[in-house]
Amino acid sequence: MIFETKSLYVDLVNYNDLNEIIEVYNSNKHFLVAHMDREKISNQWIMEEIESMKKIGFCSGKIVEKSSGKIIGVMDFKAGEESYLSLLMIHNDFKGKGYGKLIFQAFEEYVRSLESKCIRIDVVSNYDNSVLDFWIKNGFIKYNDIELNWTGKKLPAVTMKKNL
C-alpha cells in the first residue's frame, strides 16, 4: 500500500487488476473519446501504458474502496521535489461522491511526507471545465499553456501547480 484514507487506499497496479482497471477507463467514455478518439481501451493497451509509465519512473496506482475491495479509480504519479500527478480517474459509477477530493488530499499528504515542494498537473483544456474547476478548488494555479501528445493525439492543455 502506498497511502490510504479511512475508506480508500492506493496501491500499485498488478496484472490481476487489469480487468477492473480497464473497467475504470471504459466507464469514462467521454474522457477516452476526448483524449484518444476511442470509446474503449483493451487489455493490450493498458499493459503497454503501465509499462511505459514504469519506464519513465511513474507509479500506476489503483484506488481501492476498503469496504468492498473494489477498484474505483486509477492514478499515475511520480513523487519527487516536484511531484507530478499525471492521471487521477474515478470510475463513472463513483463520481460525484467526493472520492476524487479524498484521494487527492491523501496524495498531497503522502508527497508532503516525502518532502515534495509542489505538485504539478497538466489538464487538457478543451475537455471538461469541471475538471479544471476541481483542480482550482484544490489549490492549483495555472502556469502556462502547453500541448500534450497522449497516445498520438495532440491536445491543448494547461500546466498547473500547487506549492506545498
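Which residue in E8 stands opposite Leu-148? Leu-155 does. What follows rests on a predicted model, in which local features need pLDDT of at least 70, side-chain atom pairs count only at pLDDT 80 or more, and totals for chains, interfaces and linings use all residues. Residues are numbered from 1 along each chain as its sequence is written, and side-chain values use heavy atoms, with hydrogens and water left out.

The sheet comes first. Helices (H or I, at least four residues) and strands (E, at least two) are DSSP runs numbered from the N terminus, and two strands pair if DSSP finds at least two bridges between them. E1 goes with strand E2 (residues 8–12) in the antiparallel sense over two bridges, and Glu-4 has Tyr-9 in E2 as its bridge partner.

Contact here means heavy atoms within 4.5 Å; axes are lines fitted to C-alpha atoms, for helices over the stretch in contact, and angles run from 0 to 180 degrees between N-to-C directions.

E7 and E8 pair in the antiparallel sense over nine bridges, and Asn-144 stands opposite Thr-159 of E8. Their hairpin has two residues between the strands, and Thr-151 in this hairpin takes a positive phi near 50 degrees. E8 also pairs with E6, again antiparallel, over seven bridges; here Ile-121 has Met-160 in E8 as its bridge partner.

Now for the interior. Buried means under 20% relative accessible area, exposed over 50%, and partly exposed in between (1.4 Å probe, protein chains only). A nonpolar core is a set of buried Ala, Val, Leu, Ile, Met, Phe, Trp, Tyr and Cys residues joined through side-chain atoms within 4.5 Å. The largest such core has 24 residues, and Ile-63, Met-75, Leu-85, Phe-107, Trp-135 and Met-160 have the most contacts inside it. At least two residues of this core come from each of E2, E4, E5, helix H4 (99–113), E6, helix H5 (129–137) and E8. H4 gives the largest share, six residues. Leaving aside neighbours within four places in sequence, Met-160 is in contact with a list of residues including Ile-119, Val-123, Leu-132, Trp-135, Phe-140 and Tyr-143. Apart from this core lies another, of 22 residues, among them Leu-18, Ile-21, Ile-71 and Val-124.

Grid points are joined across faces, edges and corners, and a volume is the space filled by probe spheres set on the points. By this rule there is one cavity of 30 Å³ or more, and the largest cavity has a volume of about 50 Å³. Its lining includes Val-13, Ile-21, Tyr-25, Glu-49, Ser-60 and Met-75. H1, helix H3 (43–55), E3 and E4 each give two or more residues to that lining.

The largest pocket holds about 900 Å³ of space. Of its 34 lining residues, Leu-88, Met-89, Tyr-127, Val-131 and Trp-135 are the closest to its centre. H2, E5, H4, E6, H5 and E7 give two or more residues to this lining, and the largest share, seven residues, comes from E5.

Asp-37, in the loop between H2 and H3, is not a glycine, yet its phi is positive, near 60 degrees. Asp-37 counts as exposed because its relative accessibility is 57%. Glu-115, in the loop between H4 and E6, is likewise no glycine and has a positive phi of about 70 degrees. With 60% relative accessibility, Glu-115 therefore counts as exposed.

Definitions and conventions
On a 1 Å grid over the protein atoms alone, a cavity is a set of points where a 1.4 Å probe fits but cannot get out, and a pocket is an open set with protein on both sides within 12 Å along at least five of seven lines; lining residues have an atom within 4 Å of a point.
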